[in-house]
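Dear colleague,

Please find below the structure that I am handing over to you. I would be grateful if you could read the notes after it with the model open.

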Amino acid sequence: IALLGLLWSRIFQSPVAQYLPFFAIGHVIWIWFSAQINDACTGFTQFEHIIKHTRLPYPTYLLRLCVRHGLIMSHNAIVVVAVLILCQTGLNAVSFLALVGLALVTIICVSLSILIAICCTRYRDLSPIVANSLQVSFFLTPILWEPSALRSLAWIAQLNPLYHWIEVIRQPLLGCLPDTTHYLWTMGSIGALGMSCLWLLGRQRDRIAYWM
């Protein structure tokens with residue numbers, strides 16, 4: 001965080017005290033999100049021995065992964081707190097909205113993980129595609145760079161759902177109220193992913209064990 005923050009703040013000619021918290025929060029959120037989605041590719045196959053011998057609701061296995069990566073993120077969050085203190089950003093009443101944003105993004109992570117786990121169990125070659133897509137998404141999402149760096153093309157960032165998911169957590173920690181647009185995109189994503197998840201899980205539930 002320190003090395004990349006100092007480097008990219010010079011590249012974008014942005015004050016370190018302004019850029020470092022922006023980058024640190026976004027990077028920690030991305031590590032949590034990408035690790036969860038990558039692990040979801042084997043979300044069922046890594047529990048094959050349990051699935052074939054015990055009848056448990058399939059979302060249980062993805063919730064276990066969610067808890068695992070949530071614990072890892074809680075350790076990484078110490079870095080965010082240190083950066084906020086170092087840059088004298090601090091925490092205030094608005095910062096507690098980050099917990100609401102975290103809860104919303106967690107729902108998105110679980111829903112997306114279930115979809116990916118089902119698809120990757122049926123088609124094993126999808127795992128590298130998911131990994132590569134996440135790598136590309138990292139550079140297309142305002143984590144290393146701020147939307148203002150696009151100048152007149154800043155609207156492109158608004159079309160990226162990942163940007164809105166990160167902002168509902170990052171903006172409160174920076175002392176700002178998230179824009180309504182961020183919440184609308186996030187809630188819309190929850191609705192779309194939730195419905196897709198329920199439909200696919202209901203359709204393929206009885207076949208998952210036979211794909212292993």
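The notes below cover the pockets, the nonpolar core and the salt bridges.

This is a predicted model, in which local features need pLDDT of at least 70 and side-chain atom pairs count only at pLDDT 80 or more, while totals for chains, interfaces and linings use all residues. Residues are numbered from 1 along each chain as its sequence is written, and side-chain values use heavy atoms, with hydrogens and water left out.

Pockets

A pocket here is an open set of points on a 1 Å grid over the protein atoms alone, where a 1.4 Å probe fits and protein lies on both sides within 12 Å along at least five of seven lines; lining residues have an atom within 4 Å of a point. A volume is the space filled by probe spheres set on the points, which are joined across faces, edges and corners.

The largest pocket has a volume of about 440 Å³. Its lining consists of 20 residues, and those nearest the centre are Ala77, Ala98, Leu99, Leu102 and Leu173. Two or more lining residues come from each of helix 2 (16–40), helix 4 (59–86), helix 5 (97–122) and helix 8 (161–173). Helices are DSSP runs (H or I, at least four residues) numbered from the N terminus. Helix 4 gives the largest share of this lining, seven residues. By class, the lining holds 16 nonpolar, four polar and no charged residues; Ala, Val, Leu, Ile, Met, Phe, Trp, Tyr, Cys and Pro count as nonpolar, Asp, Glu, Lys and Arg as charged, and the others, Gly among them, as polar.

The second largest pocket has a volume of about 240 Å³. Among the residues that line the second largest pocket are Ile51, Arg55, Tyr61, Arg205 and Asp206. The lining of the second largest pocket comprises seven nonpolar, one polar and three charged residues.

Nonpolar core

A nonpolar core is a set of buried Ala, Val, Leu, Ile, Met, Phe, Trp, Tyr and Cys residues joined through side-chain atoms within 4.5 Å. Buried means under 20% relative accessible area, exposed over 50%, and partly exposed in between (1.4 Å probe, protein chains only). The largest such core has 56 residues, and Phe33, Phe44 and Ile116 have the most contacts inside it. At least two residues of this core come from each of helix 2, helix 4, helix 5, helix 6 (126–140), helix 8 and helix 9 (180–204). The largest share, 13 residues, is supplied by helix 5. Not counting residues up to four places away in sequence, Phe33 touches Cys109, Leu112, Leu134, Leu162 and Trp165 (contact means heavy atoms within 4.5 Å).

Salt bridges

The structure holds three salt bridges, each defined as a side-chain nitrogen of Lys or Arg within 4 Å of a carboxyl oxygen of Asp or Glu.

- Asp39 pairs with Arg68, with the closest N and O atoms 2.7 Å apart. Asp39 lies in helix 2 and Arg68 in helix 4, so the bridge ties together parts that are 29 residues apart in sequence. Asp39 is buried at 15% relative accessible area, whereas Arg68 is partly exposed at 33%.
- Glu48 meets Lys52 at 2.8 Å, N to O. Glu48 is partly exposed at 29%, and Lys52 is partly exposed at 46%.
- Glu167 meets Arg170 at 2.5 Å, N to O. These residues are three apart in helix 8, separated by about one helical turn. Glu167 is buried at 2%, and Arg170 is buried at 0%.

With kind regards
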